[in-house]
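Here is a short report for a first look at this structure. Please keep the sequence and the 3D view open while reading.

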Protein chains: 2
Amino acid sequence: MPDKSFVEKIFNNDRRTVARSISIVESDSKASEELLKEIYFKVGNAYRIGITGPPGAGKSTITNQLTKFYRAQNKRIGIIAVDPTSPFTGGALLGDRVRMSDIGQDEGVFIRSMATRGSLGGLSKKANDAADILDAAGYDLILMETVGVGQSELDIAEAADTTVVVLVPESGDAVQAMKAGLMEIADFFVVNKSDRPGAQQAVSALKTILMMRDHNASSWMPNILTSTASENKGIAEIAEEIKRHFEFLKENNKLILKREHRTKIRIKEIVEQKIRKKLWNEIGNNSLNSSLEKVVLGNLSPYHIADEIIENFKNQF
Amino acid sequence: MPDKSFVEKIFNNDRRTVARSISIVESDSKASEELLKEIYFKVGNAYRIGITGPPGAGKSTITNQLTKFYRAQNKRIGIIAVDPTSPFTGGALLGDRVRMSDIGQDEGVFIRSMATRGSLGGLSKKANDAADILDAAGYDLILMETVGVGQSELDIAEAADTTVVVLVPESGDAVQAMKAGLMEIADFFVVNKSDRPGAQQAVSALKTILMMRDHNASSWMPNILTSTASENKGIAEIAEEIKRHFEFLKENNKLILKREHRTKIRIKEIVEQKIRKKLWNEIGNNSLNSSLEKVVLGNLSPYHIADEIIENFKNQF
């Protein structure tokens with residue numbers, strides 16, 4: 001049980017305590033769960049923004065510039081940067097994240113990188129948990145940044161109230177985005193590095209693809225913005241579009257529904273993870289390992305062994 | 001319970017029965033499990049080859065040419081072509097797979113496309129199940145082809161004895177492959193369309209990346225082959241490399257270990273899926289849905305609700 005003063009320190013945004021708390025939720029221990037249960041009544045005030053897109057699109061730059069924009073309005077900003085890693089090597093692919101020192105030193109900004117190591121399912125759970133800590137610590141906006149490879153951007157979209165997909169003008173990016181499922185998660189698009197050739201074509205290609213989708217008058221239609229984040233161009237417009245989407249969700253009672261949906265996925269994940277942990281304890285793993293040879297030799301099907309394992313689990317559950 | 005004559009027809013490779021059996025395992029019903037339990041003692045003779053890579057690399061062409069190559073040796077070939085679909089729209093991305101009629105009409109070839117619809121975890125389970133059917137029906141080699149987006153190629157690598165990663169010479173493909181985790185799953189690479197400019201550079205880039213990895217004398221070092229599959233160039237060499245890898249696995253007792261590992265993952269998946277099904281029945285879903293509002297309003301944490309759901313599950317399990 002975390003002591004009261006520890007929890008109070010989170011609520012007072014004591015930076016060392018917040019940092020330690022995120023480490024606790026990352027470790028995914030019993031302490032993590034106890035901590036999250038203690039702080040929950042303070043969670044729900046922060047607005048969560050997902051920023052995703054292919055490598056090199058400029059997500060970090062946009063995140064940094066947005067942060068400075070919001071800081072000028074005196075909003076407190078939490079940043080969670082998720083680095084998906086290969087499920088095989090566990091190595092981080094994005095390299096070092098060098099954050100600009102001007103925002104890193106700001107007391108109103110909290111930056112945290114998270115690696116995914118192994119299960120991608122675990123990523124969204126931990127990113128959600130970390131966002132809860134920052135939420136309870138009183139950050140107004142939480143920017144969750146992830147590179148759009150594999151599953152991670154879909155997880156981030158589940159965790160965010162508004163999802164921004166960042167692309168670059170290079171031809172084919174729009175098509176790749178469509179293939180990667182980014183079209184379905186984007187609340188709006190930003191074509192960054194729009195000083196490069198092809199920016200207008202990229203916008204047109206996106207528009208064409210978006211128009212092909214089902215759409216009705218009452219639903220949200222994703223806009224396509226342009227920016228040159230390195231020169232701070234287009235940042236105010238991004239912030240404005242985030243606000244417009246937030247207001248759309250609120251007016252249509254969709255924010256609650258969206259958060260309920262997120263909560264549903266999250267609870268399912270927690271329940272399943274807990275059951276998996278019970279299932280694959282020493283007994284479960286031993287009975288699994290001792291059965292493999294029989295299956296490979298064709299003596300029993302995997303389904304026979306699965307039945308046995310479930311029966312054993314029932315008896316010890 | 002499938003009747004004996006149905007199962008016998010699978011073993012005799014009655015094509016309609018094999019096709020129906022794969023539909024049964026795709027449907028993921030109770031009948032699927034019963035069928036797989038009945039045929040299992042005939043499973044384990046086929047060698048399973050995974051073929052993956054980015055869209056447009058020429059995987060289908062290589063699969064078709066390899067099939068013709070093996071048919072000339074009188075080997076019977078099963079082909080499972082996996083189309084990953086967006087988890088949001090459920091739409092197939094690869095478009096129609098038009099198989100060359102010369103192999104499609106061949107009695108010694110069985111071709112089946114599978115879409116993934118929704119859960120990617122489900123894909124590897126169903127592809128494994130379908131491969132078991134073809135295995136029991138006496139196909140000597142099973143070619144499992146999937147496009148390398150997201151998780152599907154990792155699932156296919158788990159299901160295969162030998163995994164071939166197909167790339168094209170275009171610059172950056174090697175780097176993309178590394179990012180997508182394809183480096184770790186490749187037993188060897190094929191740079192296809194090697195008549196295009198840049199083929200030798202692509203081979204060099206791959207070599208450089210492979211050399212950076214951990215490697216010791218006793219382990220398998222992935223080779224890099226080139227092909228122009230549309231002109232049937234390099235196909236015999238691909239078949240030769242598959243054979244060389246098969247012999248390496250056999251000589252080093254690694255084939256059994258690899259298959260045991262695959263079986264382990266598979267049993268875990270079956271067990272977890274069965275438990276998920278029990279968990280999210282009507283009672284589980286109702287208790288989940290009725291709790292969402294409490295969580296969103298900050299009255300209870302997702303962890304509190306998860307505990308409640310697990311407690312209920314325990315009582316009815």
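In which sense do S1(A) and strand S5 (residues 162–167) of chain A pair, and over how many bridges? S1(A) and S5(A) pair in the parallel sense, over 4 bridges. Two strands count as paired if DSSP finds at least two bridges between them.

## Basis of the model

This is a predicted model, in which local features need pLDDT of at least 70, side-chain atom pairs count only at pLDDT 80 or more, and totals for chains, interfaces and linings use all residues. Residues are numbered from 1 along each chain as its sequence is written, while chains are lettered from A and ligands numbered from 1 in the order in which they are written.

## Chain A in outline

Chain A has 15 helices and 7 strands. Helices (H or I, at least four residues) and strands (E, at least two) are DSSP runs, numbered from the N terminus. Chain A has 317 residues, and 46% of them count as buried. A residue is buried if 20 or more other C-beta atoms lie within 10 Å of its own, exposed if 12 or fewer, and partly exposed in between; C-beta atoms are placed from the backbone.

Take the contacts in chain A with a separation of 6 or more: residues 24 or more positions apart account for 75% of them. Two residues are in contact if their C-beta atoms, placed from the backbone, lie within 7 Å.

## Strands of chain A

Strand S1 (residues 47–53) of chain A has 6 of its 7 residues buried, so the rest of the structure largely encloses it. S1(A) also runs parallel to strand S4 (residues 141–147) of chain A, joined by 7 bridges. Ile49(A) stands opposite Leu143(A) in S4(A). Ile49(A) also stands opposite Thr162(A) in S5(A).

## Strand S5 of chain B

Strand S5 (residues 162–167) of chain B is mostly covered, with 6 of its 6 residues buried. Thr162(B), Val164(B) and Val166(B) point one way from S5(B). Thr163(B), Val165(B) and Leu167(B) point the other way.

S5(B) has strand S1 (residues 47–53) of chain B as a parallel partner, through 4 bridges. There, Ile49(B) has Thr162(B) as its bridge partner. S5(B) also pairs with strand S6 (residues 188–191) of chain B, in the parallel sense over 4 bridges. The bridge partner of Val164(B) in S6(B) is Phe188(B).

## The nonpolar core

The largest nonpolar core has 150 residues. Such a core is a set of buried Ala, Val, Leu, Ile, Met, Phe, Trp, Tyr and Cys residues joined through C-beta atoms within 7 Å. Met144(A) and Met144(B) touch the most other members. Leaving aside neighbours within four places in sequence, the contacts of Met144(B) include Ile49(B), Ile51(B), Val82(B) and Ala160(B). In soluble globular proteins, nonpolar side chains tend to be buried together.

Helix H4 (residues 59–72) of chain B has 14 residues. From its first C-alpha to its last, H4(B) reaches 20 Å, close to the 20 Å expected at 1.5 Å a residue. That expected span is 1.5 Å times one less than the number of residues. H4(B) is mostly covered, with 10 of its 14 residues buried. Among them are Ile62(B), Leu66(B) and Tyr70(B).

Asn74(B) follows H4(B). It lies in the loop between H4 and strand S2 (77–83) of chain B. Most residues other than glycine have a negative phi, and most peptide bonds are trans. Asn74(B) counts as exposed because it has 8 C-beta neighbours inside 10 Å.

## Two loops of chain A

Lys193(A) sits in the loop between strand S6 (188–191) and helix H10 (199–211) of chain A. Its phi is also positive, near 55°. Lys193(A) counts as buried because it has 23 C-beta neighbours inside 10 Å.

Glu231(A) lies in the loop between strand S7 (223–226) and helix H11 (235–251) of chain A. Glu231(A) is exposed, with 12 other C-beta atoms within 10 Å. Glu231(A) and Thr61(A) are 170 residues apart in sequence, yet 9.7 Å apart in space, C-alpha to C-alpha.

## How the chains meet

A rotation of 180° with 0.0 Å of shift along its axis superposes chain B on chain A, at an RMSD of 0.1 Å. That is the relation of a two-fold axis. The same surface serves both copies: 100% of the contact residues of chain B recur in chain A.

The contact takes 51 residues from chain B and 52 residues from chain A. On the side of chain B that touches chain A, H12(B) gives the most, with 14 residues.

Terms used. Copies are superposed by least squares on the C-alpha atoms of residues with pLDDT of at least 70 in both.
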